[in-house]
Amino acid sequence: MSHPLASQFNRLRYNLYAPFYDRIAVLFAAQRRRSINLLEPLADERLLIVGAGTGLDLDFLMPCHRLTAIDISPGMLAKLQERARELGLGIETRVMDGERLAFADGEFDAVVLHLILAVIPDPIACLKEVERVLKPGGRVVVFDKFLPDTGRAGLLRRSANLLTRLIATDINRRLGDLVAATHLIKTHDEAAGLGGFFRIALLRK
Ligand SMILES: C[S@@+](CC[C@H](N)C(=O)[O-])C[C@H]1O[C@@H](n2cnc3c(N)ncnc32)[C@H](O)[C@@H]1O
């Protein structure tokens, strides 16, 4: 089920964050490089970035020339367009809800999901849409913060989540639960910072 109101709230807050976002998110350059290395995008493959934000992934996608970026926030996408111009990178950008992708089935070879599955109101709807727009055999790379697939979040983590969800992000989602709701197969999963709080995973259709 999609959540239009929650997505409108995301649009509002990320429009406000857009001028400052890079100061924090630039810290994840090493994880972006690693994640995109795992994805191994070929130059002529059609690649989609969902919740693309200000385009901090673009530095690592330079060889790709069939890029599409979507985001709910026009403010974030305006920053992405500036960055793409500076890099001399051609990219199609669309303001779009990641829970309802306006693309046909099987349009893309690969999808980048960086710091979106913990933010989007309904991550299962998003992942199912990603699965739909991927070609058979297509790949998805995920970089985000997740709760371990086994065990329960402690009281501190549950309390902290009340605040982090309001400001930016849910810290208590399980990647295993999200993937299990699709037919995607997880082929790789590794810790990517803060003792496994951040993870990078590769999925295949
Ligand atoms: C934490 S930022 C991550 C941005 C970028 N992927 C990165 O790695 O820096 C989350 C992004 O998701 C976008 N977003 C939130 N809800 C969304 C939705 N329903 N559909 C598409 N994008 C959404 C926000 O506007 C924001 O740009």
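Predicted model: local features only at pLDDT ≥ 70, side-chain atom pairs only at ≥ 80, totals over all residues.
## Nonpolar surface patch

Phe9, Leu12, Leu16, Leu163, Leu166 and Ile167 together make a nonpolar surface patch of about 610 Å². Two elements give two or more residues to this patch, namely α1 (4–17) and α6 (155–167).

Ile167 has its place in helix α6.

## Largest pocket

The largest pocket holds about 700 Å³ of space. Its lining comprises 37 residues, of which Tyr14, Tyr21, Leu115, Val119 and Ala168 are the closest to the centre. By class, 23 residues of this lining are nonpolar, 9 are polar and 5 are charged.

At least two lining residues come from each of α1, α2 (21–25), β1 (47–50) and β2 (67–71). Helix α1 gives the most to the lining of the largest pocket, with 4 residues.

## Second largest pocket

The second largest pocket has a volume of about 260 Å³. It is lined by 14 residues, and those closest to its centre are Arg13, Val119, Pro121, Arg165 and Arg173. The lining of the second largest pocket divides into 7 nonpolar, 3 polar and 4 charged residues.

Both α1 and α6 supply at least two residues of this lining. The element that gives the most to the second largest pocket is α1, with 4 residues.

Helix α1 contributes to the nonpolar patch, to the lining of the largest pocket and to that of the second largest pocket. Helix α6 gives residues to the patch and to the lining of the second largest pocket.

How values were computed. Residues numbered from 1 in each chain as written. Heavy atoms only, no water. Patch = residues over 30% accessible without salt bridge, like charges linked within 9 Å, V, L, I, M, F, W, Y side chains within 5 Å. Areas by Shrake-Rupley, 256 points an atom, 1.4 Å probe, with all protein chains shown as cover. Salt bridge = Lys/Arg side-chain N within 4 Å of Asp/Glu carboxyl O. 1 Å grid on protein atoms, 1.4 Å probe; cavity = no way out; pocket = protein on both sides within 12 Å on 5 of 7 lines; lining within 4 Å. Points joined across faces, edges and corners; volume = space filled by probe spheres on them. Nonpolar A, V, L, I, M, F, W, Y, C, P; charged D, E, K, R; others polar.
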